[in-house]
Amino acid sequence: MDLDARRAARVRYVTSRFTAFQGLTRVPLALLCLAYGLYVVTTGETPLVALVLVTLALAVAPMAMDRYYKRAFGSVTPTPTRLLWEVVTAVANFAVVGLMIGAMVLVLRALAPVLIVAGVGMGIWQLLVWRRHAVVLPSSVAFAALLPVVGLLLLLFPDRQWVESGAGNWAAVATGVAVLIGGVLDHLVLTRTVRPIERVDVSAL
Amino acid sequence: MSQPFEELASLDKLVHEPARLAVLTALSAAGSADFVFLQRLTGLNKGTLSSHLSKLEEAGMVQITKQFRGKTPNTAVQLTNAGQTAIDQHWQQINALHEAARHWRPDETKP
């Protein structure tokens, strides 16, 4: 296949969001969520020390993945406009997603089901609506937005009964699966797009 | 008005060559890209890609910056305004030709 208009549009799209399509950088986080959730679900224990150690180990993993991508695919600097757009989108997502999740949790008084819906919904959104294109920034910000929301809720409702419900562990599993699928799909889009353009004889045109 | 297939001859071959077209298209969506990325995209060896980039640089379409990132040499390639205009116009021309070819009927060529 030559570089037709469709392929060109794909090349432009992926190039402009090059870092976002480096999906394997999110796999360690996904595996951590998945392993933690499954462990607690099956054993009923919360391995706090192990969790801290694994978290520290996995903090290094994205850096290794980043080096892999630089070696294998090179690097791309986004345009200033694109960078500005991503920052604006991130702030907007932070506000909207944080407020939405916070409101849902307050109304329903159930953190875990909301997280499950958010995690799975994000996976479906990425698969269907965005057609497997990267939404790493919005989804990362969405997850980050959970932190102040949960922190605020902990302050407002110190009993924490609803935070520690058993369904929360399934939320971790669901989130892990959603992030894992999204990360692998983004990586596949990157590898399929940034592959050699087949040569054609220009004189034949 | 000339026929769409005749219009193909008017395409700028400097831009239309597949590897250079891929390079310019990718660069049009980024601030800059390094040599490794462009090599991966085009599948060319270093020498051939360098040759293509030199031609684009001579035509004033790209700007090549050689620098060191730590101890590793890095070549960054950036599209110039002239390059941006050239690639935009080229894709507009391709799309127009594509549309014209879709609506083209053999009968129209007869006098």
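1. Contact range in chain B. Among contacts in chain B between residues at least 6 apart in sequence, those joining residues at least 24 apart make up 53%. This value, like every other in this note, is computed from a predicted model. Chain B comprises 111 residues, of which 31% count as buried.

2. Elements of chain B. Six helices and three strands are assigned to chain B. Along the sequence they follow the pattern α-α-α-β-α-α-β-β-α.

3. Chain A. The 205 residues of chain A include 34% that are buried. In chain A, 87% of the contacts with a separation of 6 or more are accounted for by residues 24 or more positions apart. Seven helices and one strand are found in chain A, and the pattern read along its sequence is α-α-α-β-α-α-α-α.

4. The interface. Contact between the chains involves 28 residues of chain B and 23 residues of chain A. On the side of chain B that touches chain A, at least two residues each come from helix H2 (13-16), helix H3 (18-27), strand S1 (32-34), helix H4 (35-42) and helix H6 (81-103) of chain B. That side of chain B divides into 15 nonpolar, nine polar and four charged residues.

5. Which order do the strands of the open sheet take? The four strands run in the order S1(A)-S1(B)-S3(B)-S2(B), with antiparallel pairing. S1 of chain A and S2 of chain B are the edge strands, each of them pairing on one side only. Helix H5 (residues 46-58) of chain B packs on the sheet, where H5 touches S2 and S3 of chain B. The direction of H5 makes about 125° with that of S2(B).

6. Pairing between chains. Strand S1 of chain A, residues 76-77, pairs with S1(B) in the antiparallel sense over two bridges. Within S1(B), B:Ala33 is the bridge partner of A:Val76, and B:Ser32 is the bridge partner of A:Thr77.

7. Pairing within chain B. Two bridges join S1(B) and S3(B) in the antiparallel sense, and B:Val77 in S3(B) is the residue opposite B:Ala33.

8. The hairpin. How many residues lie between the strands in the hairpin of S2(B) and S3(B)? There are two residues between these strands, and B:Gly70 in this hairpin takes a positive phi near 70°.

9. Helix H6 of chain B. H6(B) has 23 residues, and the distance from its first C-alpha to its last is 33 Å. This reach is close to the 33 Å expected at 1.5 Å a residue. Which residues of H6(B) are buried? B:Gly83, B:Ala86 and B:Ile87 of H6(B) are buried. The elements covering the buried residues of H6(B) include H2, H3, strand S2 (62-69) and strand S3 (72-79) of chain B. H6 of chain B also supplies at least two residues of the side that touches chain A.

Methods:
Residues are numbered from 1 along each chain as its sequence is written. Chains are lettered from A and ligands numbered from 1 in the order in which they are written. This is a predicted model: local features need pLDDT of at least 70, side-chain atom pairs count only at pLDDT 80 or more; totals for chains, interfaces and linings use all residues. Two residues are in contact if their C-beta atoms, placed from the backbone, lie within 7 Å. Ala, Val, Leu, Ile, Met, Phe, Trp, Tyr, Cys and Pro count as nonpolar, Asp, Glu, Lys and Arg as charged, and the others, Gly among them, as polar. Two strands pair if DSSP finds at least two bridges between them. The expected span of a helix is 1.5 Å times one less than its number of residues. A residue is buried if 20 or more other C-beta atoms lie within 10 Å of its own, exposed if 12 or fewer, and partly exposed in between; C-beta atoms are placed from the backbone. Axes are lines fitted to C-alpha atoms, for helices over the stretch in contact, and angles run from 0 to 180 degrees between N-to-C directions.
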